[in-house]
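Please look over the sequence and the structure shown here before reading on.

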Amino acid sequence: MTEQHVGRVAILSGSTFEEQIGYARAVVDGDWVHVSGTTGFDYATMTISEDVVEQAEQCLRNVGAALAEAGASFADVVRVRYLLPEREDFEPCWPVLRRYFGEVRPAATMMMCGLADPRMKIEIEVYARRGSGSHV
């Protein structure tokens, strides 16, 4: 679902967090798509796996849905940020991350920080420029 404001379009995923906190899953501004930090919650059921790799997969499904609604794809991603509370949880996610970004090679940063809910083990944020990659 989208919300349009002058000069930009907000994309909402239906996450209760968006309503409670007051943000959009993504914002499209011209060719740029800014996808908010996205966790491994399945927004349809508001459930989250205990496994960090499964959370990473769900994060990327959520990010992919926002990108698609914005008219972009993972091929258009130019920057990705990975946020994790535990450093040792990052490496097990690498195969999943490589599957989505291995051909794209966006600029990337991994940061250790606390997340909003103790069940969250990874959060992923991306910036994309529509039309910059080949849509897959």
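The paragraphs below go through a strand and its partners, then a helix, and then some aromatic rings.

This is a predicted model, in which local features need pLDDT of at least 70 and side-chain atom pairs count only at pLDDT 80 or more, while totals for chains, interfaces and linings use all residues. Residues are numbered from 1 along each chain as its sequence is written, and side-chain values use heavy atoms, with hydrogens and water left out.

Two strands count as paired if DSSP finds at least two bridges between them. Strand β4 (residues 32–39) pairs with β9 in the antiparallel sense over six bridges, and in this pairing T39 stands opposite E123. Strand β7 (residues 77–84) also pairs with β9 in the antiparallel sense over six bridges, with V77 standing opposite A128.

Helix α3, made of residues 90–101, has F90, C93, V96, L97 and F101 as its buried residues. These cover an arc of only 120° around the axis, which puts them on the same side of α3; the arc is that of the directions from the helix axis to the C-beta atoms. The face turned away from this buried side carries the exposed residues E91, R98 and R99. What do the buried residues of α3 pack against? They pack against α2 (52–69), β7, β8 (107–112) and β9, contact meaning heavy atoms within 4.5 Å.

Rings of Phe, Tyr and Trp (its six-membered ring) pair if their centres lie within 6.5 Å, and planes under 30 degrees apart count as stacked, over 60 as edge-to-face and the rest as tilted. By this rule the count comes to five aromatic pairs. One of them joins F17 and F41, which are edge-to-face at 5.3 Å centre to centre, with 70° between the planes. Because F17 lies in helix α1 (residues 16–22) and F41 in strand β5 (residues 41–42), this pair ties together parts that are 24 residues apart in sequence. Both F17 and F41 are buried.

The rings of F90 and W94 have their centres 5.9 Å apart and their planes at 85°, so this pair is edge-to-face as well. F90 and W94 are four residues apart in helix α3 and therefore separated by about one helical turn. F90 is buried at a relative accessible area of 15%, whereas W94, at 38%, counts as partly exposed. Finally, F74, Y100 and F101 form one aromatic cluster.

Note on methods. Helix = DSSP H or I, 4+ residues; strand = E, 2+ residues; numbered from the N terminus. Buried < 20%, exposed > 50% of the residue type's maximum accessible area, 1.4 Å probe, protein only.
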